[in-house]
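Open the model in your viewer and keep the selection panel at hand. The tour goes from one selection to the next and says what is there.

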Amino acid sequence: MQQQLALQDVTIDFGDGPLLKNVNLAVAPGESVVLIGPSGLGKSVVLKLFAGLLKPTSGKVLVEGKDLHALPAHEQSALQLRMGMLFQKNALFDSLSVGENIAFPMREKTSLDETEIQRQVDFFLEAVGIAYAAALFPDEISGGMQKRLGIARALALRPQIVFYDDPTAGLDPITSRRIIELIQKLREEQNSTIVTVTNDMARAYQLADRIVMVADGELIITGGKAQTLANKDPRVSQFIRGKLDGPLTGRHA
Amino acid sequence: MLKPLLNVIDDIGECLIFLRLILRTAYRSPCTWESICEQTWKVSVQSTPTTALAGFFVGAIMTVQFTMQTKAFGALGYLGGLSTSATVREVGPLLIAFLLSGKVGAYTSAELGTMRVTEQIDAIRCLGANPIQEIILPRFLGIVISSFFLLAAGLIMSIFGGMLMGSVFSGINPEEYVRHIPTIVTQFSIGNGLFKCLVFALILASVCTYKGYSATGGAKGVGRAVVGTAVMTMVGIVVFDWFTSLLSETALNLFREGV
Ligand SMILES: Nc1ncnc2c1ncn2[C@@H]1O[C@H](COP(=O)(O)OP(=O)(O)O)[C@@H](O)[C@H]1O
Ligand SMILES: [Mg+2]
């Protein structure tokens, strides 16, 4: 199969004009795509479209070649099992402990017995470096630890495709770097396809096979670091260099 | 002028669609017994003390109110029967519905609303699970089932409250108080009370889960969901109280004519 994820002529409109207009994007198996762009223009929306949380107004979302929104509910959730998502604000289950957060998907969706689940939970907590916090609750651990937990929960069912929505937001540079290294390590281990939203350009270059900018309802597909830096689109060059003057100025708060 | 009315109709319609979704999920992919029991237990424990206390005072109030009338007709012996009947048929279910709406309804819509705006509900879906099945259905059934327990608790306490008032205020002893309860409280009254209780519980359970599940927009959205739940359940309960009363009177008349 040539593409693992695809948007085909997707338009999405929440009632005040289209947020994305007839956009196309294909992601190959094992590829790492990074979405950048001014806030509020639809980066998270792209991830939610792929994950089946939002329905396009028109167009198709293909996951492993299947039209996600045309599938019956049980096939849709079977596909969703193959995808994991770290939410922008983590969306941790705040009534469950750290360990239970990771156990939740395994309890719901696998027939593993309790000892095996505990072993898996320990494995994931160890992998993201928060083993000591297993019995704490999500609001009792730091922001960086919450991100790690969100990542661990997203990976708990060993998905082939993983979405990371702003994995380094609000974290200090050292923690950010560790999180990105963690994401890369896990990606190599699972050989998974990942789509990451970040506006931290250093991390974006570190992580991306391809960078895609979301702006003006379009997806501006650039390439790796060199191609992105060389991109002629004035919006891209303004954005990645953080210039105050340019086509993006004054349009968004 | 027309717009608010249309909004209300929209809201009711969406709530009914949501109820249908819940019932369909219950039929096709039911949740576990454990989760239903857990929620039923939670709601019952949360509300038993308040319901019992309120029930006790309702019994006491009814007794005080009926003392005058029954005395005037020299029918003080029927005091217990009358006040219990009024509680079973009308005041009990209504009171419990109101108490639950204030307590469990607000709690549930705030809890679900918070889960919605913090994207925990989306996270459940992302993990391949069905949020209706996992979190809505157990809460819905928990509220419906526990409202019957609470009705029973409230009624028993109201008999005690009535007995106490009967002997302190009206001067009839507990034995006399309970003697005519079986005469006046017929199967029909009990059926009527249970039916009301079921209808009110269904209204409450569907409104609070619907409002919470469909909350949008941060803390404000959660606040709106809670207020919306309070308004919609209270109005819904009162309207359906009238409707079920009408219905059961009609049924009773038909039954009598038939006999
Ligand atoms: N479920 C939704 N309903 C209505 N509007 C939405 C929804 N999700 C996102 N939006 C709107 O879409 C726009 C883009 O949001 P988002 O994708 O989160 O931006 P970002 O690029 O910062 O991640 C925002 O204006 C937001 O209000
Ligand atoms: Mg976002």
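Select chain B: of its 259 residues, 46% are buried, where buried means under 20% relative accessible area, exposed over 50% and partly exposed in between, with a 1.4 Å probe and protein chains only. This is a predicted model, in which local features need pLDDT of at least 70 and side-chain atom pairs count only at pLDDT 80 or more, while totals for chains, interfaces and linings use all residues; side-chain values use heavy atoms, with hydrogens and water left out. Residues are numbered from 1 along each chain as its sequence is written, chains are lettered from A and ligands numbered from 1 in the order in which they are written.

Read from the N terminus, the order of elements is α-α-α-α-α-α-α-α-α. The C-alpha trace of chain B spans about 70 × 35 × 35 Å along its principal axes. Of the contacts in chain B with a separation of 6 or more, 84% join residues 24 or more positions apart; contact means heavy atoms within 4.5 Å.

Next, select residues 2–28 and 131–170 of chain B, which are helix 1 and helix 5. Two packed helices are described by the angle between their axes and the distance between the axes. Here the axes come within 10 Å and cross at roughly 100 degrees. Axes are lines fitted to C-alpha atoms, for helices over the stretch in contact, and angles run from 0 to 180 degrees between N-to-C directions. Helix 1 and helix 5 of chain B are therefore roughly perpendicular to each other; angles under 35 degrees count as roughly parallel, over 145 as roughly antiparallel, 65 to 115 as roughly perpendicular and the rest as oblique.

Show the side chains at this crossing. Among those from helix 1 of chain B are B:Phe18, B:Leu19 and B:Ile22, and helix 5 of chain B meets them with residues including B:Ile136 and B:Phe140. By class, this contact has 9 nonpolar, 2 polar and no charged residues. Ala, Val, Leu, Ile, Met, Phe, Trp, Tyr, Cys and Pro count as nonpolar, Asp, Glu, Lys and Arg as charged, and the others, Gly among them, as polar.

Now pick B:Gly218, in helix 9 (residues 218–258) of chain B. B:Gly218 is partly exposed, at 32% relative accessible area. Its C-alpha atom is 8.8 Å from that of B:Gly113, 105 residues away along the chain.

Move to chain A and select ligand 2, a magnesium ion. Which atoms coordinate the magnesium ion? They are OG of A:Ser44 and OE1 of A:Gln88, at 2.0 to 2.3 Å. Donors are N, O and S atoms within 2.8 Å of the metal (3.2 Å for Na, K and Ca); water is not among the atoms, so sites may look incomplete. A:Ser44 is buried at 18% relative accessibility, whereas A:Gln88 is partly exposed at 36%.

Colour helix 1 of chain A: 9 of its 9 residues are buried. Just after this helix, A:Gly52 has a positive phi of about 80 degrees.

Last, select residues 98–109 and 143–155 of chain A, helix 3 and helix 5, whose axes come within 8 Å and cross at roughly 20 degrees. Helix 3 and helix 5 of chain A are therefore roughly parallel to each other.

Notes. Helix = DSSP H or I, 4+ residues; strand = E, 2+ residues; numbered from the N terminus.
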